[in-house]
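Please have a look at the structure while I talk.

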Amino acid sequence: MLWSKYYIPTLKEDPAEAEIVSHKLLLRAGMIRKLTSGIYIYLPLGWKALQKISDIIRQEMNRFGAIEIRMPAVQPGDLWKESGRWDVYGRELLRFQDRHGRDYCLGPTHEEVITDLVRGEIKSYRQLPINLYQIQTKFRDEIRPRFGLMRGREFIMKDAYSFDRDDQGATKSYEDMYAAYVSIFEKLGLKFRAVEADSGPIGGSFSHEFMVLAETGEDTIAVCTECDFAANLEKAEVKYADTPDSPADCPELEKVFTPDKHSVEEVAKFLKVPEEKIVKTLLYDADGQAVAVLVRGDRELNEVKLKNLLDVIDLRLASAEQVQQWSGAPVGFAGPVGLNVDVIYADQELMFDNDFVIGANEKDTHYLHFDPRRDAKIKGYYDLRQITESDPCPRCGAKIELTKGIEVGHIFKLGTKYSEALRATFLDENGKERPMIMGCYGIGVSRVLAACIEQNHDENGIIFPPPIAPFDAHLLALNPKDELVKDKASEIYDALTAQGIDCLFDDRLERPGVKFKDADLIGLPLQIIVGARALQRGVIEIKIRHSGEKIELGLDEIVSGFQEVQKKVFEFYRL
Ligand code: 9G3
């Protein structure tokens, strides 16, 4: 493709509104342009990369027996009313009416649509299992879309849905999709980890997220240094190697004056006790219930674990008024003794310890010598805290590490949540009517492009792994006014193209510096540089974008030399 006949509007500067590197580089490399908040136009280079990502996904999904379909973006509200989700989702679900006044939404996902299709078509166990998928735009009206393709409102998703006759079949479907995802992300040339994840409101019992490892990732994952344990921090369970011995007996509660000492740090310093001998009392409004949670002062509560324990829709920190009302004291002095709440839970770490400092439910006052089992009505002790790097791996006990990731895939065992709600049933071998067992499997296709750039860039621009790169090679004719250079570059272009190498030929009448900068910015894996001086020495130069390494090739060995270097690059990405 000749640059002069293509459309790549590169930018010299970072656009002001771009906060993260992938957003900056997608704009500067002329790959996307914003239409409106959270909604983007994919320009030629961006669209070409997205098509390469989609083709790899399609190839692997088909290989694992999934069948491609295409569902509408516009969905009838009636289906969402039937599934009960019309009233569960708020303004994130973009709703509208047609000319007859009927309700619709712009599809944020397609469980209802696919289940409605299947309930009308599948009647017998002989027709199961079936796995249908699509690659389609989704719309989710995020309050604050930001970070370019990372968190857009309209985005491209591959979403697949499996239907099985029994749980064993559903597990097989899940394992097949897990294997397909591993293969997809390997073939995309990305460094990733599959991690145990929380299923959230979607329902179902089990899920894995696929994370592209990048320090700018929004998610934190816990990864074991020895075994293959890996979990999203939201889900990572904390295991106690052994039950610590029961503590010594504890002196009686003693009130102490702690003038204006609210935070754990202030109280610890003032009373000269370590933070782990303080117990934080966190107050929550859980679907209207007043809930107190006790965690050690040096620990973080994991709100996802709490939400799953309480099984509530709406969990929020108590307001200052609620704190005053429930504890009788301003924020910072709440404690479990004499607290006016519906229920008190504690992190399991407190079960075998005592002699803690707690708020005394009185302004500027704390208690010493709190013994959880003696002094408070604790409903139960559960794993409620955030795992830390000093905790042992919950599987093998070895050291774990926390690292950042970008969620690009999420697979769920759904169970019968939608097949029951929409009565998608089949007749089994004995003619008995049963609900189909479902699974659903998503990949954020447009987010993969952003995550790929977050993981693969340097100060000069993008460094595309070959499978995602919009072109295989970037051919630069440094002085196109020089007939020799121009002719040789065109000859190389034709020879590479004849070998099936997809080449972007920068034939512009621009200075070499501009061409070098644009080539590094766009980040194709290999640059082929044709310059007058090198030609006089009978050579051209190849530059490997990810390492910066430059290799000279004689004019008679260009195609074979290029293919040699390309092989080296593929090996680097373990392709
Ligand atoms: C909504 C809105 C936003 C949503 C959902 C529904 C996320 C919703 C979860 C899923 C689960 C899986 C199939 C592909 C893989 C992910 N955000 N989810 O259900 F109405 Cl506004 O989408 N769906």
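This is a predicted model: local features need pLDDT of at least 70, side-chain atom pairs count only at pLDDT 80 or more; totals for chains, interfaces and linings use all residues.

Lys 280 sits in strand E14, which covers residues 279-286. This lysine is buried and yet has no salt bridge, the nearest side chain of opposite charge being that of Glu 300, 4.2 Å away, whereas a salt bridge is counted within 4 Å. If we leave aside the neighbours within four places in sequence, the residues in contact with Lys 280 include Val 264, Val 293, Leu 294 and Val 295, as well as Arg 299 and Glu 300.

Let me turn to the cysteines, where the count of disulfides comes to zero. For Cys 396, the closest cysteine sulfur belongs to Cys 224 and is 3.6 Å away, which is too far for a bond, given a cut-off of 2.5 Å. Cys 396 is partly exposed, with a relative accessible area of 40%. Cys 452 is likewise in no disulfide, and the nearest cysteine sulfur, that of Cys 503, is 20 Å away; Cys 452 counts as buried, at 1% relative accessibility.

Finally, the domains: the domain assignment gives domain 1 as 18-237 + 402-454, domain 2 as 254-382 and domain 3 as 471-572. The centres of domain 1 and domain 3, taken over C-alpha atoms, are separated by 39 Å, and six residues of domain 1 are in contact with five residues of domain 3.

Terms used
Residues are numbered from 1 along each chain as its sequence is written. Side-chain values use heavy atoms; hydrogens and water are left out. Helices (H or I, at least four residues) and strands (E, at least two) are DSSP runs, numbered from the N terminus. Buried means under 20% relative accessible area, exposed over 50%, partly exposed in between (1.4 Å probe, protein chains only). Lys and Arg count as positive and Asp and Glu as negative; His and the chain ends are not counted. Contact means heavy atoms within 4.5 Å. Domain bounds come from an automatic or database domain assignment.
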